[in-house]
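Subject: Structure handover

Hello,

Here is the structure I promised to pass on to you. Please open it alongside this message, and then read on for my notes.

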Amino acid sequence: MEKELQPKVSYRDTLKSMDTEEHIDLAFYRPIGYAWACLARKLGVTPNAITIASIFLGIGAGVMFYYPDLGLNIIGMLLLIWANSFDSADGQLARMTKQYSRLGRILDGLSGDIWFATIYIAICLRENATSFFFMEHPWVIWLMAVVTGLCHAKQAAMADYYRQFHLYFLKGEQGSELENGEELRNKLASLSWSSNFWQKLTLTFYTNYTLNQESNTRAMQALRAELRKRFPSGVIPQSFRDAFREKSLPLMKYTNILSFNWRTIALFTSLFIGMPWLYFAFELTVLNGLLVMMVVRHERFCRMFTQQLKDGKY
């Protein structure tokens, strides 16, 4: 009876914002994710349970990519698509049911890391077993994988951070998961390992993740500090929000390219032509180039807005 009284949540209500949604997601993953989320809501399945299920699907995909057999690789591709539909569903379910948590946000980020760690290892083992060059020089593919993995983590973290900053000005604090590293550090210091072990462990990872994001966005942090100084109540004028959105919106397409869909297009292409190491080359060249461009442009207009605030324009 309780489940029947749950208010209806429309598909559109489960989206973060049209500004930050990617075309492939809107056409494919979000509708499928919404269907999964509606089913999970009826069954009482939590967002975190869906995230954990996606981890096992992603690991299964990675295992399939080890084999130099296109049929098995296609099974892996389907498993990875399934995993990502669950990754979409967990966020949509959280917005449906208001089940937001830092643990969920950490699990969501961790799930993708586990998928791709498995995929990287599978590619390395496959290339060392099948490629003459990598059989002769096995350390090369492992070095590529490690460097690519570090770059992947940085790309995903920065794309997520810029999206949250955009959502903060578009929808306010309630519509964004933007955090403050100093506040998280103070919260972490107030917790005891003996009394709050799991909460402190979770918050330790989350705090370090946030501080790492902040360390790469100095101009953005200066802008946040100036906004706190200029508007201590936290009420930022709509004119400023609109001006920031106008500058930030063109960069959202790059944050989407640095996320899942375009990575997997490159990955699947490399598997279809039987040269999975090319996926590493794609991440190291194309995606790193996009990341640098995105950071430079974002920092530039953050400095501009900081100066405008100091000049009293807003």
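This is a predicted model: local features need pLDDT of at least 70, side-chain atom pairs count only at pLDDT 80 or more; totals for chains, interfaces and linings use all residues.

Let me start with the packing. The largest nonpolar core holds 34 residues, and those touching the most other members are Phe65, Leu80, Phe116, Ile119, Leu267, Tyr279 and Phe280. At least two residues of this core come from each of H1, H2 (47-64), H3 (70-97), H4 (102-130), H6 (138-171), H11 (260-272) and H12 (277-310). H3 gives the largest share, with 7 residues. If you click on Phe280, you will find it in contact with Tyr120, Ile123, Cys124, Ile141, Met144, Ala145 and Thr148, leaving aside neighbours within four places in sequence. Another core, of 30 residues, lies apart from the largest one; Tyr168, Ala219, Leu227 and Leu258 are among its members.

Now for the charged side chains. The whole structure has 6 salt bridges. In one of them Asp19 meets Arg245 at 2.6 Å, N to O. Those two residues are 226 apart in the chain, with Asp19 in the segment before H1 and Arg245 in H10 (residues 238-257). Asp19 counts as buried because its relative accessibility is 15%, while Arg245 is partly exposed at 32%.

Arg224 also pairs with Glu214, their closest N and O atoms being 3.8 Å apart. Here the partners sit in H9 (residues 218-230) and H8 (residues 197-215) respectively, 10 residues apart. Both are buried, Arg224 at 11% and Glu214 at 13%.

Within it, the side chains of Asp25 and Arg30 meet at 3.6 Å, N to O. Asp25 is buried at 10% relative accessible area, and Arg30 is buried at 16%.

So what does Glu22 have for a partner, given that it is buried yet has no salt bridge? Arg30, the nearest side chain of opposite charge, is 8.0 Å away. Instead, the side chains of Glu22 and Asn261 are joined by a polar contact of 2.8 Å. Glu22, which is found in the segment before H1 (23-43), is also in contact with Asn256 and Trp262.

Best wishes

Key
Residues are numbered from 1 along each chain as its sequence is written. Side-chain values use heavy atoms; hydrogens and water are left out. Helices (H or I, at least four residues) and strands (E, at least two) are DSSP runs, numbered from the N terminus. Buried means under 20% relative accessible area, exposed over 50%, partly exposed in between (1.4 Å probe, protein chains only). Lys and Arg count as positive and Asp and Glu as negative; His and the chain ends are not counted. A salt bridge is a side-chain nitrogen of Lys or Arg within 4 Å of a carboxyl oxygen of Asp or Glu. A polar contact is a pair of N or O atoms within 3.5 Å; within protein, one must be able to donate a hydrogen and the other to accept it, and residues adjacent in sequence count only if both atoms are side-chain atoms. Contact means heavy atoms within 4.5 Å. A nonpolar core is a set of buried Ala, Val, Leu, Ile, Met, Phe, Trp, Tyr and Cys residues joined through side-chain atoms within 4.5 Å.
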